[in-house]
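Please work through each task before reading its solution.

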Amino acid sequence: MAGTASTVRSWLLLEDPGPWGRDALRDARLPERVGLELQRRCRAAGVRPLLIRRASSNATADGLTCFAIRSGPEPPWIERTRLANAAETLDLDMPALGRGVRPGFEPVEGPLFLVCTHGRRDVCCAERGRRLAQALAAAFRDLTWESSHVGGDRFAGNLVAFPHGLYLGRVRPGEAAEVGSTYADGRVPLEHLRGRSCYPMPVQAAEHALRTHEGFDRVDDLGLERTEGRRGVSTSTFRTSMGRFSVSVAIEESAPSFLTCHSLVAEPAPAYRTIAIVRRPDLDGGAS
């Protein structure tokens, strides 16, 4: 699963109880053309919009919950507000959010969990996601939301842990509480990690390889310093508590497989093979 998270840095989450069609914003029961216009503005600004709904039976107050999130690579954050209606999202400064500027809502310390349950997009997400969402909500009642399509249907149950934007896949309901508690404690559930969304996919794969090789399990144990690609090889250098490491991965293709539950044809997907993990001298003479 390493290196399969969508590359997203800025997010807008809008509460909508559903139902959601195959294209959530286009097919949801939002006021006329609001979904399409919101989709257009988010795409232009580099913001990922998702529809969310309560995973628990908590009664929802008047209005709609809306989250603005920046998942990195700078220090991540979450802000929350209440909107009278979906059309108020069109008043938000989407280009600013795309640049990582806080909108000035109420700060949220986190964690916040999204579980993809978008069954009209892929039945795997409904069958596996809903049971996962219920189990996670039992442990993190007010912090768990169902969401529209996040990507990677074949890895359902999928959840995204914020504020860091960690994509976690193949999480079973019986693992929900442990996985959630691991992240809430500031650690990465490595056996489920698909990648951190603020990084390109080859960097996600390199981070996973370094964490596994050196045992870095704290979310903030490492940060990306630089990355470069040449002739099918991506090399990423990370700052860590043990110094600087460079990780090289070859960009290849997997064997053909069915990428979604409704796929009719097996297809290859990008795959990453670790070539080298090298500890680098620190420029300042000490661990960075």
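**Exercise 1.** Which residue lies over the face of W20, and at what distance from the ring centre?

*Solution.* The model is predicted, local features need pLDDT of at least 70, side-chain atom pairs count only at pLDDT 80 or more, and totals for chains, interfaces and linings use all residues. Residues are numbered from 1 along each chain as its sequence is written, and side-chain values use heavy atoms, with hydrogens and water left out. A charge sits over a ring if NZ of Lys or CZ of Arg is within 6 Å of the ring centre and within 35 degrees of the ring normal. R53 is the residue over W20, 3.8 Å from the ring centre. Likewise, R196 places its charged end over the ring of Y199, at 5.9 Å from the centre.

**Exercise 2.** Determine how the rings of W11 and F162 are arranged.

*Solution.* Rings of Phe, Tyr and Trp (its six-membered ring) pair if their centres lie within 6.5 Å; planes under 30 degrees apart count as stacked, over 60 as edge-to-face and the rest as tilted. The structure holds six aromatic pairs. For W11 and F162, the centres are 4.9 Å apart and the planes stand at 80°, so this pair is edge-to-face.

**Exercise 3.** State whether W11 and Y167 are buried or exposed, and describe their pairing.

*Solution.* Buried means under 20% relative accessible area, exposed over 50%, partly exposed in between (1.4 Å probe, protein chains only). Both W11 and Y167 are buried. Their rings form a tilted pair, 6.5 Å centre to centre with 40° between the planes. Finally, ring pairs join W11, F162 and Y167 into a cluster.
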